Amino acid sequence: RVLMGTKISEGHGNYITAYNMLTGIRVSVSRCNAKVEQPLVDQDFFAKNKLAFDISGNELIPSAKYDFKFKDYSPLVFRHLRQLFKLDPADYLMSLTSKYIVSELGSPGKSGSFFYFSRDFRFIIKTIHHAEHRMLRSILKEYYNHVKSNPDTLISQFYGLHRVKLPFGRKIHFVVMNNLFPPNREIHRTYDLKGSFVGRETYLSSDCDNDAARRASEKRSKVLKDLNWLKGQDHIVLGPAKREMFFRQLEKDVKLLERLNMMDYSLLIGISELKAPTNNTNENSSSLRGLSYFGPDSGSKPPQGALELRKAIHKASPTALEEFDLPNSDNFRSSFMFYHDIGGFQATDELDQPLPMIYYLGVIDCLTGYGIRKKLETFWLGLTTKTDRGNYTCVPKSMDSERLISAVPAREYGERFLKFMRTITRKEPNITAPV
Ligand code: ATP
Ligand code: CA
Ligand code: CA
């Protein structure tokens with residue numbers, strides 16, 4: 001598994017799909033933005049707009065490079081959501097322009113979803129399964145209400161839900177959401193945490209050698225999981241004020257997900273150490289943080305992270321990056337509690353004084369209903385693993401009563417998730433950065 005992003009250019013297998021996605025967004029979102037603003041009504045939640053693009057163009061739609069169909073779901077609701085998330089409508093369209101086509105991240109998870117970055121790396125386009133699409137449609141109203149009363153929600157910020165259909169091709173559903181990780185920061189460790197333990201370990205070949213630099217470097221390039229967290233004895237270090245803020249919000253978010261019968265979501269955490277040594281030229285840092293690519297050609301290119309990708313783009317076209325460093329791209333997150341400190345949430349000691357560590361965090365992958373998941377996993381792994389703890393000696397005592405597997409009913413999933421996050425949050429007067 002190599003962590004990298006591939007810049008998509010003409011000729012790349014998914015160029016046409018990505019191009020069509022962006023063209024569809026540009027036309028339908030700018031149209032929607034042009035409409036007079038009105039309070040949402042119930043039917044806005046069920047609305048969908050169809051657009052047909054063709055090479056020759058027609059009186060309604062400008063000509064496109066390719067023939068395809070595009071569907072925009074609940075456009076007015078998402079316009080309101082983008083407002084709640086304080087996105088500037090013009091910036092949004094600028095970021096998602098197809099002029100500099102996005103970079104692709106391949107398919108980091110097991111689900112087969114593809115991820116694409118917007119050119120400024122602020123947004124992620126994720127292709128989703130039809131079931132996830134239906135799920136988002138059915139919970140949209142609750143999600144919207146939740147965001148309205150919880151502007152600081154840690155749950156993924158969804159900005160759009162769309163579908164493209166190529167001629168004779170399949171239908172591709174996708175969402176546009178926030179990238180939790182800023183493009184201009186080195187992230188030293190990334191964890192995808194669920195509070196379940198079976199299969200929740202990323203293999204690290206450097207685990208058994210003594211070379212701390214090599215260990216740190218390998219950790220930098222992979223997305224780590226629950227067991228890696230426990231074995232590496234990492235902690236979320238927050239003083240009383242931030243601890244209270246964080247858990248107050250996380251509890252509300254998890255309550256919603258429980259009520260919606262959701263499971264399998266993770267807390268994604270990127271840790272950036274502000275005083276980390278930066279003179280290690282060998283570190284080969286794939287700061288794509290967690291967005292790994294393991295497609296057919298993943299071995300043939302050097303690992304590339306958002307930072308590296310930006311450098312590469314800059315080399316190829318020096319003005320391209322300045323153009324997309326939108327004037328307020330560093331500030332747009334600052335009005336949100338958890339994205340306030342250089343785009344993240346800074347660690348604090350017991351006196352609430354800042355520590356040299358920024359967490360980039362959020363709850364991701366939250367469109368899986370228990371119904372879909374339980375068929376796959378509970379059945380196989382259910383009770384057998386409940387007591388078999390021999391292999392999981394690092395699991396804290398406080399989690400003793402919990403089942404170890406990922407697929408448990410939504411309520412149990414949520415409670416265990418919260419419990420785990422509490423267990424790994426530490427009070428810390430003096431910090432020593434782990435390697
Ligand atoms: P699976 O269902 O197998 O877990 P998936 O295809 O649904 O996989 P996700 O779990 O959503 O994929 O994401 C996979 C990885 O992509 C995450 O572990 C994380 O590293 C990265 N990622 C996902 N969403 C974001 C985001 N909003 N910001 C930054 N990184 C993200
Ligand atoms: Ca996931
Ligand atoms: Ca998933």
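Here are some friendly notes on the strands of this predicted model.

1. A word on conventions: residues are numbered from 1 along each chain as its sequence is written, and chains are lettered from A and ligands numbered from 1 in the order in which they are written. Because the model is predicted, local features need pLDDT of at least 70 and side-chain atom pairs count only at pLDDT 80 or more, while totals for chains, interfaces and linings use all residues.

2. On to the neighbours of β6. Strand β5 (residues 115-117) runs antiparallel to β6 and is joined to it by three bridges, with F115 opposite K126. Five residues lie between the strands of this hairpin, where F121 takes a positive phi near 70°. Strand β8 (residues 171-178) is also antiparallel to β6, through six bridges, and its M177 stands opposite I124.

3. Elsewhere, five strands make an open sheet of mixed pairing, ordered β10-β9-β12-β14-β13. Two strands pair if DSSP finds at least two bridges between them. At the edges, β10 (223-224) and β13 (345-348) each pair on one side only.

4. Within that sheet, β12 (residues 266-273) and β14 (residues 354-364) run antiparallel and share eight bridges. One to look up is L267, whose bridge partner in β14 is V363.

Methods:
Helices (H or I, at least four residues) and strands (E, at least two) are DSSP runs, numbered from the N terminus.
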